[in-house]
Amino acid sequence: MAKDGGPIRVVGISGSLRAGSYNTAALKAAIALAPEGMTIEIAEIGDLPLYNDDVRVAGYPPQVQRFRDQLAAADAILFVTPEYNYSIPGVLKNAIDWASRPPSQPFDNKPVAIMGASGGVLGTARAQYHLRQMLIFLNAFPLNKPEVMIGAAQTKFDEAGKLTDEATAGFIRQLLEALRDWRNRLA
């Protein structure tokens with residue numbers, strides 16, 4: 001629960017557009033594992049156009065404005081990112097670029113948690129650190145611990161994308177509890 005007793009509204013963003021994405025599956029698992037008093041809604045980023053400042057100056061496209069409004073209304077943000085070429089995917093960078101432009105960029109003073117899943121051993125560690133650098137520049141407040149880097153994701157989700165690994169579920173639950181506490185501390 002928020003300090004005011006109301007629910008904590010979290011916007012979850014998956015950096016993967018793939019239908020069978022382990023990161024989207026991890027985000028859906030987070031929704032199911034959210035502590036009492038926390039709601040997580042998924043932000044759609046796949047329909048955002050490629051960032052173009054000429055377009056922004058003319059006025060935010062409706063899908064971009066929807067995304068910015070969703071972030072602005074949230075009490076906290078949960079990023080779930082894959083790792084592409086040692087960094088975050090272009091679609092996630094594009095979404096951040098659109099959202100971070102003036103006026104009133106919605107990452108400012110926002111508590112943020114990061115997690116990610118990959119088939120590799122490091123479980124998106126490098127992508128998460130790049131994302132953290134961007135968020136610090138945007139004056140967001142990334143949660144430092146726990147870090148949730150889901151390696152060997154193909155062994156932790158079933159064919160339908162359901163999380164089957166209890167240890168991973170525990171890590172996600174701890175992350176969300178820490179995000180709740182971080183948000184309340186910053187409020």
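A salt bridge, as the term is used in this talk, is a side-chain nitrogen of Lys or Arg within 4 Å of a carboxyl oxygen of Asp or Glu. By that criterion, a search of the whole structure finds seven salt bridges.

Colleagues, please note that this is a predicted model, in which local features need pLDDT of at least 70 and side-chain atom pairs count only at pLDDT 80 or more, while totals for chains, interfaces and linings use all residues. Residues are numbered from 1 along each chain as its sequence is written, and side-chain values use heavy atoms, with hydrogens and water left out.

Let me begin with the overall architecture. The chain contains six helices and six strands, taken as DSSP runs (H or I, at least four residues, for helices; E, at least two, for strands) and numbered from the N terminus. Their order from the N terminus is β-α-β-α-α-β-α-β-α-β-β-α.

As for dimensions, the C-alpha atoms fill a box of roughly 50 × 40 × 25 Å along the principal axes. Of the 187 residues, 52% are buried, meaning under 20% relative accessible area, where exposed is over 50% and partly exposed lies in between (1.4 Å probe, protein chains only). Among contacts (heavy atoms within 4.5 Å) between residues at least 6 apart in sequence, 77% join residues at least 24 apart.

I now return to the salt bridges. Side chains of opposite charge can pair when their charged atoms come close.

Which residue forms a salt bridge with Asp53? The partner is Arg56, the closest N and O atoms being 2.6 Å apart. Both residues belong to helix α2, residues 53–58, and are three residues apart, about one turn of the helix. Asp53 is partly exposed, at 33% relative accessible area.

A second pair sits in helix α4, residues 90–99, where Asp97 and Lys93 are four residues apart, again about one turn. Their salt bridge has an N to O distance of 2.7 Å. Asp97 is buried, with a relative accessible area of 15%, whereas Lys93 is partly exposed at 34%.

Asp75 lies in the loop between α3 (62–73) and β3 (76–80) and Arg183 in helix α6 (residues 166–186), so the pair ties together parts that are 108 residues apart in sequence. Both residues are buried. Arg9 joins them, in that Arg9, Asp75 and Arg183 are linked in a network of salt bridges.
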